[in-house]
Amino acid sequence: LSGDIQLIRRAKQGDIAAFEELIMEYQKKVYNTAYRFFNNAEDALDVSQEIFIKVYTSLKAFKEGSTFSTWLYRIAVNTCIDYSRKRRKIQDVSLDDEDSNVAKNMVSPQLPPDKIVENREIKDAIAKAIQTLPEDLRICIILRDIQGFTYLEISELLDCSIGTVKSRINRGRRALRKQLQLWNIFSKLTSKK
Amino acid sequence: MEHEGYKAIIDKYIEGMATTEEKDILESHLSQCADCRQEVEELSFIVKSTNSLSQMDLPENFAFSLHERLLEVQPGKHRQYNKISGENWWSRFYDFYRSNKKVLASGFAVLIIGIFVFQLLHGGPGYDMALISANKAAEMAKSEAESPRAGTSQLFSQEMASAGVSDQNSVVQKEMPMMSSASENSLFSEDVSEAQKTRKIIKQASLTVYVEDFENKVEYTLGLPKKLGGYIENSSIYGGDNGKSRRSAFIALRIPESELENILDELRNLGRIENENITGRDITQNYYDTDARINNLRQQETRLLEILNIAENVDEILKIENELNRVRTEIEQLTGQLKTWDKMIQLSLVEVHLIEEAPFREKVVPVRLQTLWEKAREGFVSTTNNLMKALAELAKLVGSAVPFLAVVMIIILGMIYIIKRKRGRTS
């Protein structure tokens, strides 16, 4: 940890090498969070790089008493949510009066009825279903069920109470269930059993 | 317990966080209630599958492109990134622009059309402005058209040179097929220099020199053509009105091209160089084109002469004479052109601007107090008058701009209203 502080101090001076060493262990997690949040590699790359640029440029604002990882993930989460909201707004403008509800527009994943549903296809469906969640539920589900953060950690990252986090996760899971039911994932599963 | 009550337990249960007591209650309920059983099954399936979503590897270029971007924002390189507030301001502005692009664009369109209509109705400056911009555009187009032309001609002449080289080279190879590659190379380089020698370049130089011993230096400069060959094309001396102002002389010399460097060295030694400019205009292509045309015309001339010999009636003879006349005139013109070019190539133009270094000396003039006071008062009055005039103009301007500003305000308010409404709808 003292090594981290050294790195942070050097990175604050503008030392890029130190900064890159510092973020090394977070890169994959941040990228994967973004990947699951947007469910495509392009946005994930853009946003995760944006996140690290932000971390780098606002490193001066980081206070040495606090935890670097929490601070970094907080930036990551906020950037993901901001980006998604902005894009939704742009989509709203371009779609205008069309129904911009993503869930309704989304074509249900094509699952071959007579074959055994492959594991990969279920994962695809879940990844797509996560996409349909509103940002605040989506980020909670990703942080908890994919990245394995604790409720306490998530509440710190999102700056809200543990109760809120729990309720969001539960609501998120139920929304996922509804979405998967809509796509008849479960009925296909049970019929194969 | 109602179904709703079980939901809270289900949430804990599927994460394995329910107490044994809660577990018992739920499990006994599940054995009776198919709905809740299904819910538990499906939810744990979702959690399980979500947990097993694979972690993606970083894209290969991730580290590299991040490094590039970090270099861009490295402090000290770009100031605006250095200040976080500045960056936020920009990104906020950019986001605002992006999310309200349509409204902004239509607003500006209305504004511009409005200005046009306004100007059209009033005649006046709008027309002038349009005219000026059209002129500017024409000027730009002209300069753009000129620069590539110069480029292509140069390119063309280079191509010609190399084409000539390769032709000669192939001839050489035919004559001496057993030649080694090394000697081929040396021959090749000789050919290149041969090709360069036949280049036709008009050289010009112009110099501005500040000199101290003005009269002698002028005389010396005028004497240079005698020493190096060439002649004085033009010379004039200005100023020197009783030592009150600097004198200057403008001298244009024609100097053999081979002596150009020598004369420039001589001139540089005269005094302080203010400005030196040497240009070479490559007219190789034009020169050889003209030459080829003259050859063609000569051939035409001989053929016309042959035809003239067989011509029988007067009408035919007159026609041929006419044509012959035209061809000969053209030959003369073109030959004249070639001669002029030859002269310009042989004798480079050197323009020398000599300026007297020592400035005129100002004499001390005693100031009379009375006139000074008078002048100060005059100055004060005229300044005050000017200020009053300027203020009046400003007031007039503001007053006349009011209706226009009102229109602009209405448009801006309309835009703000639309944006606000849109924002309200989305959030």
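Begin by selecting B:Leu391, which sits in helix α14 of chain B, where helices (H or I, at least four residues) and strands (E, at least two) are DSSP runs numbered from the N terminus. Residues are numbered from 1 along each chain as its sequence is written, while chains are lettered from A and ligands numbered from 1 in the order in which they are written. This is a predicted model, in which local features need pLDDT of at least 70 and side-chain atom pairs count only at pLDDT 80 or more, whereas totals for chains, interfaces and linings use all residues; side-chain values use heavy atoms, with hydrogens and water left out.

Next, show both chains and turn to the place where they meet. Which chain gives 46 residues to the contact? Chain B does, and chain A gives 47 residues, contact meaning heavy atoms within 4.5 Å. The two chains bury about 4600 Å² between them, 60% of it on carbon and sulfur atoms, where buried area is the accessible area (1.4 Å probe) that two parts lose on being put together, summed over both. On the chain B side, select B:Leu53, B:Met56 and B:Leu70, which lose the most area to chain A and together make up 14% of what that side buries.

Finally, look for salt bridges (a side-chain nitrogen of Lys or Arg within 4 Å of a carboxyl oxygen of Asp or Glu), of which seven cross this interface. One pairs A:Glu50 with B:Arg69 at 3.2 Å, N to O. Another joins the side chains of B:Asp57 and A:Lys28, also 3.2 Å, N to O; B:Asp57 lies in the loop between α3 and α4 of chain B and A:Lys28 in helix α2 (residues 16-38) of chain A, so this pair joins two chains.
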